[in-house]
Amino acid sequence: MKKNKVRSEIVCRCNNVNRETIEKAIRDGCDTMNKIFDATTAGVGPCGGSCRRKLQPMLEHYLATGTFPEKLVADNTGKAPPPKKSPDETE
Ligand code: FES
């Protein structure tokens, strides 16, 4: 249960891309930031890419160890928009 929560954690709030999507893209061969941007749309949102601070360590950790880090770098830039509301909370 907890593991699923971690996997569904939103990494890119601009484009609503979760951790599971990023990890799958990396496992499927995205070995550069540009490839992750193209495959997932994470990192190319209107905030200018504040989530790249999370993406880069994920990618580097995977390329070095074949696994993903337990925790992501916190986004303290204040640039990313607040998390999107669930469909139940929208109009
Ligand atoms: S949070 Fe990913 S581009 Fe803005």
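Helices, taken as runs of at least four residues, and strands, taken as runs of at least two, are DSSP assignments numbered from the N terminus. On this basis the predicted model contains four helices and two strands, and the order of these elements along the sequence is α-β-β-α-α-α. The chain comprises 91 residues, of which 35% count as buried. Among the contacts that join residues at least 6 apart in sequence, 50% link residues at least 24 apart.

The packing of helix 2 against helix 3 was examined in terms of axis geometry and of the residues involved. Helix 2 spans residues 19-27 and helix 3 spans residues 33-40, and the axes of the two come within 10 Å of one another, crossing at roughly 120°. Because angles of 65 to 115 degrees count as roughly perpendicular and those over 145 as roughly antiparallel, the arrangement of helix 2 relative to helix 3 is classed as oblique. The crossing of helix 2 and helix 3 is right-handed. On the side of helix 2 the contact is formed by Thr21, Ile22, Ala25 and Ile26, whereas helix 3 contributes Ile36, Ala39 and Thr40. In composition, the residues of this contact between helix 2 and helix 3 comprise five nonpolar and two polar residues, with no charged residue.

Asn18 lies in strand 2, which covers residues 17-18. With a relative accessibility of 18%, Asn18 is assigned to the buried class, because the cut-off for that class is under 20% relative accessible area. When residues up to four places away in sequence are left out of account, Asn18 is found to touch Arg7, Ser8, Glu9, Ile10 and Val11. A further relation of Asn18 concerns Ala42, which is 24 residues away along the chain; the C-alpha atoms of Asn18 and Ala42 are separated by 8.8 Å.

Methods: Residues numbered from 1 in each chain as written. Predicted model: local features only at pLDDT ≥ 70, side-chain atom pairs only at ≥ 80, totals over all residues. Heavy atoms only, no water. Axes fitted to C-alpha atoms, helices over the stretch in contact; angles between N-to-C directions. Parallel < 35°, antiparallel > 145°, perpendicular 65-115°, else oblique. Left-handed = near helix turned anticlockwise from the far one by under 90°. Contact = heavy atoms within 4.5 Å. Nonpolar A, V, L, I, M, F, W, Y, C, P; charged D, E, K, R; others polar. Buried < 20%, exposed > 50% of the residue type's maximum accessible area, 1.4 Å probe, protein only.
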